[in-house]
Amino acid sequence: MNRVCEALGIEKPFIQGAMSWITNAEFVAAVSNAGGLGILGPNAGQTELTPDPVETAERMRREIRKTREMTEKPFAVTLIGNGNSTSVFTMKILDVVIEEKVPVVLINSYGFPGMLGIDKDLLKPLKENKIKMVVRSILPSVEDAKVVEEQGADVYVATGFDEGGTLPPRIIGSFSILPMIKDAIHIPICLAGGIADVRTANAAFVLGAEGIYVGTRLLCTDECPVAPNVKELIARSGATDLEIFRVAPSYYRSLPTKLRDKLMENEHSLNRDQTYEANKKLMGGTGGMRIGMLEGDLENGYVSVGNGVSLFDKIMPVKDVVDELLSGYNEGMIKFS
Ligand SMILES: Cc1cc2nc3c(=O)[nH]c(=O)nc-3n(C[C@H](O)[C@H](O)[C@H](O)COP(=O)(O)O)c2cc1C
């Protein structure tokens, strides 16, 4: 049996990427019902932020319960580790995950030098409660992957620079990062970044991935809460429509919007540190993603997608996307690993 499926109790080696603002119970349950692993991301099911950590965690509890009403299959919740001492928001969500007996977590760790692996505050309670750990570091590396393996994680997600969302601070493409990490660790690895059709999915498996971790392609699905005008924009766009700009500690890409033009102006006219500062203010954290992608406001928000955006042009049910991407997969396929 495929080791990712075995470790996570799922039928198909397909994980839906955690996406700020852009997940909710319906979307996550659709992925899990299709046989993959759905993940409730930061602010799942929400349309506005609350500054209160308890309310943040209670909102996640409500979304977990809603998801449970829609699927009996395993799904996950995102925990953001900041590499040092984990935030009070994350710790409150961890309590809810344990109380609600969520079987799997996606740990969004840092991976920066001096901050490798899973935060200690998360590790102990997760292990004590036998919760499965999928770890995706913002800055993937051999050193980070080895620490994560040593800590007892179940699955490591190697992320290539082709992805959507916050880009890895080192510019290493998906085809390079996967074999690099694969050679260093023994736990199963999923590849994130640029997997958006059957060819790219097959390529990931042939290079040694045991699962695919997909964000951009799932934005154009019936169940995804992205605004309809943005789904249409994504479906008709390609990688050459994307521009890249810096926001500390890394980079983002966006399809054309008014806000993107302003972010690019800073990118072209300021030095690195000034750009970090100016763009941080303009982006408002992931607020610009909510405005652009959930509300569909292409003046004041941005539209974050990966390079795989060239590879599809249809809005489809989640199940059809999962099945299409896995249509070339079989456990006997030739692997270079
Ligand atoms: C709109 C958007 C928002 C994202 N937000 C998050 C996030 O909050 N946390 C996270 O770990 N990854 C986030 N990601 C990254 C995805 O989880 C995943 O790694 C990525 O989408 C995979 O690459 P792909 O987009 O090429 O499929 C986001 C991606 C997108 C497209």
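Biologist: What volume does the largest cavity have?

Modeller: Keep in mind that this is a predicted model. Counting cavities of 30 Å³ or more gives 1. The volume of the largest cavity comes to about 80 Å³.

Biologist: And how do the residues lining the largest cavity divide into nonpolar, polar and charged?

Modeller: The lining is made up of N43, A44, Q46, E48, L49, T50, T56, R59 and M60. Sorted by type, the lining of that cavity has 3 nonpolar, 4 polar and 2 charged residues.

Biologist: Moving on to the helices: are α11 and α12 roughly parallel or roughly antiparallel?

Modeller: Helix α11 covers residues 258-269 and helix α12 covers residues 272-283, and their axes come within 9 Å. Those axes cross at roughly 170°. Angles over 145 degrees count as roughly antiparallel, so α11 relative to α12 is roughly antiparallel.

Biologist: How do the residues of the contact of α11 with α12 divide?

Modeller: From α11 you get L259, K262, L263, N266 and E267, which meet T275, A278, N279, L282 and M283 of α12. By type, the contact holds 5 nonpolar, 3 polar and 2 charged residues.

Biologist: Does R272 count as buried, partly exposed or exposed?

Modeller: R272 sits in helix α12. Its relative accessibility is 47%. Exposed would need over 50% and buried under 20%, so R272 counts as partly exposed.

Biologist: Last one: what distance separates the C-alpha atoms of R272 and E295?

Modeller: Along the chain, R272 and E295 are 23 residues apart.

Conventions:
Residues numbered from 1 in each chain as written. Predicted model: local features only at pLDDT ≥ 70, side-chain atom pairs only at ≥ 80, totals over all residues. Heavy atoms only, no water. Axes fitted to C-alpha atoms, helices over the stretch in contact; angles between N-to-C directions. Helix = DSSP H or I, 4+ residues; strand = E, 2+ residues; numbered from the N terminus. Parallel < 35°, antiparallel > 145°, perpendicular 65-115°, else oblique. Contact = heavy atoms within 4.5 Å. Nonpolar A, V, L, I, M, F, W, Y, C, P; charged D, E, K, R; others polar. 1 Å grid on protein atoms, 1.4 Å probe; cavity = no way out; pocket = protein on both sides within 12 Å on 5 of 7 lines; lining within 4 Å. Points joined across faces, edges and corners; volume = space filled by probe spheres on them. Buried < 20%, exposed > 50% of the residue type's maximum accessible area, 1.4 Å probe, protein only.
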